[in-house]
Amino acid sequence: MLHSAFSMSGLLDPQSVIAGAGAWGLVVVCAIVFAETGLLIGFFLPGDTLLFFTGVLAFSGVISQPLWLVIPAIVLSAVLGDQMGYFIGRKSGPRIFERRESGLFSIKSVERTQGFFDRFGPAAVTVARFVPVVRTFAPVAAGVGKMPRRLFTTFNVLGGVIWSTLVILLGFGLAHIPGVTDFAAKYIDVVLIGIVILSVVPILIRAIAARRKSISASAN
């Protein structure tokens, strides 16, 4: 069953992957979410649409587990994935970002990720959850940059909870409205921009204010 789900539909078709996995659907979702941020090759995996359809299929009964189990399981997978990425960056050091560009590794992706850290500071770990590709490299960059483990873990958990919960509930909620599900799935990136504005901007404001206060205190 699992083999047919992956061979016939491919990892880039999350709805078919989940449905084809049958009773193992939630396990497959958790594994993909972990791999997307825990492994450097996971940037091509469909994290946002995967979680969206997890909510949709939880409503339809394809995923048999209740939301109170689905959401914590995926949050845990997301958090552990980022922790693994952080560990890889911490142990490998800067050389992991100095490898030659290839089909699986883009220097532009690294530069884009570094731009997030320059702009948002530690809060970039949370913001990156909502940005494909960047969320794969962000925990590694945090490890390479020697971000304190406790600080990283705080923003990691916060991002994992917000991202997983909001996107899954978005899919679950819109599944109640005929026709809206297909529209939201098609424009998932636009929908997630709205989610970022509503949920992450307040966090960024606090982080920027704290950073300015710290800089001001150092100057004095």
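I looked up the largest pocket first, and its volume is about 150 Å³. A pocket here is an open set of points on a 1 Å grid over the protein atoms alone, where a 1.4 Å probe fits, with protein on both sides within 12 Å along at least five of seven lines. The volume is the space filled by probe spheres set on the points.

This is a predicted model: local features need pLDDT of at least 70, side-chain atom pairs count only at pLDDT 80 or more, and totals for chains, interfaces and linings use all residues. Residues are numbered from 1 along each chain as its sequence is written, and side-chain values use heavy atoms, without hydrogens and water.

I then listed the pocket lining (residues with an atom within 4 Å of a point). It has 11 residues, and F117, A141, A142, G145 and M147 lie nearest the pocket centre. Helices α6 (107–120) and α8 (134–144) each give two or more residues to this lining; α8 gives the most, with 3.

Of its 27 residues, I18, V29, V33, L51, I74 and W163 touch the most other members. Helices α3, α4 (47–60), α5 (67–92) and α9 (149–174) each supply at least two residues of this core. I noted a second, separate core of 17 residues, including Y86, F116, V131 and A142.

Last I looked up E36, in helix α3 (residues 25–38). E36 is buried, at 1% relative accessible area.

Notes: Helix = DSSP H or I, 4+ residues; strand = E, 2+ residues; numbered from the N terminus. Buried < 20%, exposed > 50% of the residue type's maximum accessible area, 1.4 Å probe, protein only. Core = buried A, V, L, I, M, F, W, Y, C linked by side-chain atoms within 4.5 Å.
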